Protein chains: 4
Amino acid sequence: MTKLMPPAHPFDTSYLRDAEDGDKLKEECGVFGVIGVPEAANFTALGLHALQHRGQEAGGIVSYCANEGFNSARRFGYVRDNFTKQSLMETLPGELAIGHVRYSTSGGKMPVIRDVQPFFGEFAMGGAAIAHNGNITNAMALRKELIERGSIFQSNSDSECIIHLMARSLQRTIPERMEDALRRVEGAFSIVAMTRTKLIGVRDPLGVRPLVLGQVGDGWVLSSETCALDIIGATYIREVAPGELVVITKSGVESHFPFRKQKPRFCIFEHVYFSRPDSIIGDRSVYETRRQIGVELAKESPVEADLVCPVPDSGVPAAIGFSQQSGIPYAMGIIRNQYMGRTFIEPTEQIRNMGVRLKLNVNRALIAGKRVILVDDSVVRGTTSRKIREMILDAGAAEVHFRIASPPTAWPCFYGVDTPQRDKLLAATMDEEEMRQHLAVDSLKFISLDGMYRAVGEANGRDAKSPQYCDACFSGEYPVRPSDQIEQGFELKAAE
Amino acid sequence: MTKLMPPAHPFDTSYLRDAEDGDKLKEECGVFGVIGVPEAANFTALGLHALQHRGQEAGGIVSYCANEGFNSARRFGYVRDNFTKQSLMETLPGELAIGHVRYSTSGGKMPVIRDVQPFFGEFAMGGAAIAHNGNITNAMALRKELIERGSIFQSNSDSECIIHLMARSLQRTIPERMEDALRRVEGAFSIVAMTRTKLIGVRDPLGVRPLVLGQVGDGWVLSSETCALDIIGATYIREVAPGELVVITKSGVESHFPFRKQKPRFCIFEHVYFSRPDSIIGDRSVYETRRQIGVELAKESPVEADLVCPVPDSGVPAAIGFSQQSGIPYAMGIIRNQYMGRTFIEPTEQIRNMGVRLKLNVNRALIAGKRVILVDDSVVRGTTSRKIREMILDAGAAEVHFRIASPPTAWPCFYGVDTPQRDKLLAATMDEEEMRQHLAVDSLKFISLDGMYRAVGEANGRDAKSPQYCDACFSGEYPVRPSDQIEQGFELKAAE
Amino acid sequence: MTKLMPPAHPFDTSYLRDAEDGDKLKEECGVFGVIGVPEAANFTALGLHALQHRGQEAGGIVSYCANEGFNSARRFGYVRDNFTKQSLMETLPGELAIGHVRYSTSGGKMPVIRDVQPFFGEFAMGGAAIAHNGNITNAMALRKELIERGSIFQSNSDSECIIHLMARSLQRTIPERMEDALRRVEGAFSIVAMTRTKLIGVRDPLGVRPLVLGQVGDGWVLSSETCALDIIGATYIREVAPGELVVITKSGVESHFPFRKQKPRFCIFEHVYFSRPDSIIGDRSVYETRRQIGVELAKESPVEADLVCPVPDSGVPAAIGFSQQSGIPYAMGIIRNQYMGRTFIEPTEQIRNMGVRLKLNVNRALIAGKRVILVDDSVVRGTTSRKIREMILDAGAAEVHFRIASPPTAWPCFYGVDTPQRDKLLAATMDEEEMRQHLAVDSLKFISLDGMYRAVGEANGRDAKSPQYCDACFSGEYPVRPSDQIEQGFELKAAE
Amino acid sequence: MTKLMPPAHPFDTSYLRDAEDGDKLKEECGVFGVIGVPEAANFTALGLHALQHRGQEAGGIVSYCANEGFNSARRFGYVRDNFTKQSLMETLPGELAIGHVRYSTSGGKMPVIRDVQPFFGEFAMGGAAIAHNGNITNAMALRKELIERGSIFQSNSDSECIIHLMARSLQRTIPERMEDALRRVEGAFSIVAMTRTKLIGVRDPLGVRPLVLGQVGDGWVLSSETCALDIIGATYIREVAPGELVVITKSGVESHFPFRKQKPRFCIFEHVYFSRPDSIIGDRSVYETRRQIGVELAKESPVEADLVCPVPDSGVPAAIGFSQQSGIPYAMGIIRNQYMGRTFIEPTEQIRNMGVRLKLNVNRALIAGKRVILVDDSVVRGTTSRKIREMILDAGAAEVHFRIASPPTAWPCFYGVDTPQRDKLLAATMDEEEMRQHLAVDSLKFISLDGMYRAVGEANGRDAKSPQYCDACFSGEYPVRPSDQIEQGFELKAAE
């Protein structure tokens, strides 16, 4: 496919990937919008900072004010490094703004600023900006159709389809055009959009990705997570419902349900990994859910040991739960370097596990001679787990037991999460015992699907016939057909 | 009108304007393209460097090679500061490339990288890039129509209309789509474009802006001026004719004439000011034309004096001609600082004429007590002329006589030149004697319209009924109706 | 005093301070050196990365190789942002290198690159570079004397005195000159230095600041802390002894004791706050010491409550210890944003506690209705503590009890730690109950001096007549007379 | 083809050299100082801008005001790019400032900011800053002696010796210490220095390098050339005399003559090449001197031809003089690209003379078939001359005659000018006819030594027994023994 982008990008974002060793699933985006407050862009910058864990590669803000029209700033790098500058923020005046943080899904490709959202389009009835969290599963087909009809794409982003569909809609208002466009779109989408006078929020019919509504002063806020309400002192009102489109003006919130109603399938991985532990999803504390997974795990897969240690930072809540349930003391056996590392140049003198050592170090004096339970949030490729096991043994641990706070990740996500191809997922090719041998640990146990469902409050576990959540990455059961992927050769689970 | 652009731009280009005091007309663009040579982008960088005088604000290059597809780099600032970096140039591989330098017309607005050409569009039959020198006089109307049909504009540039018109054309090949699009376009355009296999050049039916064809090795070159052929050692072949569209592949040059034939009206100001003195236009040396203007001026408006001094650098050829015709010695009475200045912070201690002093200094020892003829290329607002007169008198000159190598500039250009609004043009509101008093000089004389035509080789001067050139900026006779401008309130010359 | 430095620095380091709210004591420096390994500078970069918590403002590396001589790079900002670039690291070849990270002590002054260590001097017998952790208490007097004798200082750093004293020494070798120079110096110093063939380490006679020796491959390492040995896979050998000067060549380590012997007084605050929890000091795990402080604190100051929550991250080990001793469940009631913030522009809409909210958020669902024990490492000005208390109460906590893992900080440190002036220290002007009222919490208890000494392994607590550690910041008993400070008006504790 | 670029330097200064092809002698420095005016640093920035031709690599300014003490800013790059920023200039308050622009002499070495002047030293009686134009011919010996005595050098600059000598002087005031120091120094020096209350200027006993005194408002100015007085509207008072030291305070100018009196030997190359044509030296217009050289050259070496063309820009005045004396028409046969080029990446397609083409282009239409006299200022290596001849012939010239406005440059300068080593100087190894053949031109003539002396006003030409000027670069007669160079193997002219 033709590309139009500079391979040698001035902004080196390679460290974003290195820092995480490519061994975690990545949320791709966070969205935020606010209406009815002065300096809306400053609120948006704070909100995006709180959502930074959902996308570290780039961020953008669009604001509107009557005198200045729409203004936009899109930048690579962290929110704190760009949207804290007085000179930049002064270019974003107005009481209405939306923003976006993103983690690229584009694999080996270099990021280009044209791909950074929000996207803007000028329609006959005025301009609109749009920011999208999720993934469109029929984007390839839509893009082809739109180009044939004369649309000129400026980005490689699938989300740009939405704005071209809106440009071609025969409807008369922007919210109507958005409904029209979204009816053509398949996949997962939580969208925050704006016109000159309206803040708009939409969730796809299954409600795969989150979106919440809050109030601050006389204004209204939309955000991917509640933690972004907290940072600006906003009050949490409710979640935008699956399939709901809200149109917010200064005079209040209108609710629409433009799509055919379906049973919701919220992404369960938001609970177990993506969302911040201080966020609230579906009235449940994310932290508490994760602690509860540790409790369930200790019930399902107990083991005799001297210490329960989290793999920092995301394993902490489950490790606390595991310790409390098992009575085995909790300890920080692995310390995280808070100054996370880019790729240092490794000295030729051979150093094992450099990648991991840059962010983690074992508390040798604590570990030596002990039987250690390590609680981690997930195993994706298994590369990090192997290195951590090695560090722990180097430090003199007597035994190493892994307990994983999510089921085996055996399937890629096509709904807005960056996952390796299926053959790179450890759990796609090995069963638990094979993984244990591969990681060379004394024991390895994952929480069961039912255990995880219990931890999120489903007392009876998973409803196998009609699951309460989207758990495709564990189960291989995709609630929306990934048609572009199938077109490119992806094979659905045989039983389906 | 709605705008979407960051006012506080990271690249400070203010000095571009300051350096010239806003007191000259500016060519807006230069275009260049090459096919059939290795490292076409390097050739293009050199060509754009030679065309830098046609646009200093920004530049862009698009190249194509089979393995890498289309690649693009657009940057603010001089060609020499961007397109000399190995790391950047390596991102532009291939044997086919086009480029563009631009000077913004957008008045007080801040430049944005999205406005920098070449523009790129992906069509059903493949991608194309396009670079435009000129101005579309019905762009506002076209833009409105295209938006209503669902096109999404990414830039504020009028040239973007062309690529959207092409996207919507029903024709089957890109050259055909370009013809189709350009038939809807009014105004002046010299275009260089490319597909995966073709280099395309077009001039509008009047041939207002220049475009020349050259050969280098086995390849072909298109360029705004011949000086860009010289820098790469290319051979000048011919001008692209008014109304001609050339399609160049490795196998040669095809010529098309898609427009209704009209009498050409080349821009006479290219001869007298815009083009580089070492370029050749219509087989005439630009330098020689300017020297000849000095000769004509000395015949039309002689004066007794001790020295003929050019206002550097553009007044030099006419001053040489004036000196040769009049027998009055030529001298560098004003010296130009080659390290042109941005806006220095002026000390509070009052300093007169700081702006001009940063680039010009009077050769005091030479000037003192002398009667000086100053030869300048043009008078636009008159601000610089006043300051120069003051410097010359400060240095002790006995008399100051201005001789101007172009007629009074009384009308704005709407064909790709940055001119002040009409009421800012000194000659729009004053006659020659009023201007002389305003500038407070001993005498002030402009070359006549006929004198200028004689200098460009029209022995009988201007054909008043059917002028040989576009001279609207002097005569107010616009060969293409400036419809967008009239829509916005511009009044044509009464007699018309 | 005269200064020669640019106030408006191109590198904005203000966020370093903001990020920490100026409400913690700061270690000023970390030092590292390595000899006898290829690419010594790469090892040094990794070591400095592991020591980054000891100084975030700037870092520098000097290396030596026979062909290239001494090379140096000093940069503002994090190690990971500078010393990871291939192009930079290639300029630092050789098998011998030393490095330094620093946190400025210069209060409101802007940092200048000339102040960044290592310092380099060329002596008659060759060059030497030196990096210093600590503070010279008679630097002002030394500087005055040296200037009078004709030395020209290039920095504002007190450490520069050492190299000028060396330049004027009559001794014949660099180690001898260093001994000669250090005998004139009062205060605390852990120094890593290098000549063309030697790596040198020195600790002051009291051994106030740490310095350890390790081995990697055939080479030797000096480092402020053991965590920097771990990152490069080096083996910890021993601490450099108080008053010891080690001279390391490829053939091994020579030990010298050039100073009059004194009873060591290691800085106790290295145990309780500065050092990384995964470092080992005096054969004790820093993490374990801090956990033990929590245990002692729970014994000394128990309270009924529902949750024990650390103030992240430094309160974690003590909170774990407190929870284990008290049986009250441990919980992450406060979540830290890992993307630490610079100063965001606060929206005018009033937002309380913005500074703290940028890095901390309360786990509302967890805290609501609970009696919470908050364990923090120290209280300096008290500003952060107040804001945290407010956040906790906003989230609906029933009671808030503060437990502080260090005694009240009532005196400034003059031995290499950045402390506020005495009147800014909360504990200098209030007793515990006044502080409790000031912070408006239900209870506030500090660990006792004796409790802290017990936690570091002194079973009988503090020896009041001859304390085992330097604890001047708590006790006001300064083991080295701060003569420059007294000259400037500082008053020692009355009893002294 | 020659390339000269710094591998890892953050500031790419390669273009400075490339732009000139290394084929001209370079003045190394310009100095400027002002006292008694508000915002002295802004005046200094303007003065340095006017002196930019004397040093393009870097510039620095030191200012003093009572509240802020001494402040300093030193930067690589042009004055206009650094010292125009409000944020920087605000850091340089006060009514007293000095500045320096420099062109490095350090050959292949990378420039470092530590080498950029003014240098600053703090002495027992207060601080002083110093900026130096010239070269110290016994610097190596001085440096060795000072290091042995315990001075620590921070730069590679020879000028730093002066400040260390001052630091060690036993005198009581800074002007006395400066006299003391300069009596130890051999070579050429024009110095501008400052204390808290004084502006000081000194010229070496021979007065090799220029220094002038001016008045602006109630303040005083020192500058390398008068063109820097013009830019700030200052009045030219007089030259500082050879061997004179002036101490300027608000109350006026004191004059001292601390050195043994010698017959002055001003650098004649300042007249013929270095100084700006609008400067005045010894009451003579530099422009007029150069024009007069052209007149003398036309008398000495006439030739039949059609056109006299300058090699721009420095050949212009002599070409005008040659044309006026010979009656052969003056023409701009070579056009200079005002957007001077860095090193572009040359396309592999072979392009001859790229280096020269980036800045020069031949006016083909003018030159074709003509006999052309090219007037250039000097021939150093001859590389540029060869390329220009080639371009002219390519353009179809019938004959090419070179006339050079200086005598053959056969000896290096050791007094502050960057010259190639002797064996790289064309005139060191060839006589005039050999050079003509080497350059392959129809004729080649240099102005004679006597002709040049006549042009600077010495009606009887050069006094061979006791030359009126330093003309060592032409004659090999060095008025000050270049002792460091002789130490390193340089051989003086045999006859000496």
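Is B:N460 buried or exposed?

1. B:N460 is exposed, having 9 other C-beta atoms within 10 Å. Here a residue is buried if 20 or more other C-beta atoms lie within 10 Å of its own, exposed if 12 or fewer, and partly exposed in between, with C-beta atoms placed from the backbone.

2. This is a predicted model, in which local features need pLDDT of at least 70, side-chain atom pairs count only at pLDDT 80 or more, and totals for chains, interfaces and linings use all residues. Residues are numbered from 1 along each chain as its sequence is written, and chains are lettered from A and ligands numbered from 1 in the order in which they are written.

3. In chain B, the loop between helix 17 (449-455) and strand 25 (469-470) holds B:N460. Helices (H or I, at least four residues) and strands (E, at least two) are DSSP runs numbered from the N terminus. From B:N460 to B:F474 the separation is 14 residues in sequence and 18 Å in space, C-alpha to C-alpha.

4. Of the contact residues of chain A, 98% recur in chain C, and the same surface serves both copies. Contact requires C-beta atoms, placed from the backbone, within 7 Å. Superposition is by least squares on the C-alpha atoms of residues with pLDDT of at least 70 in both copies.

5. For chain D on chain C, a turn of 179° and a shift of 0.0 Å along the axis give an RMSD of 0.1 Å. The C-alpha of chain D nearest that axis belongs to D:S151, 3.0 Å from it.

Notes
Two residues are in contact if their C-beta atoms, placed from the backbone, lie within 7 Å.
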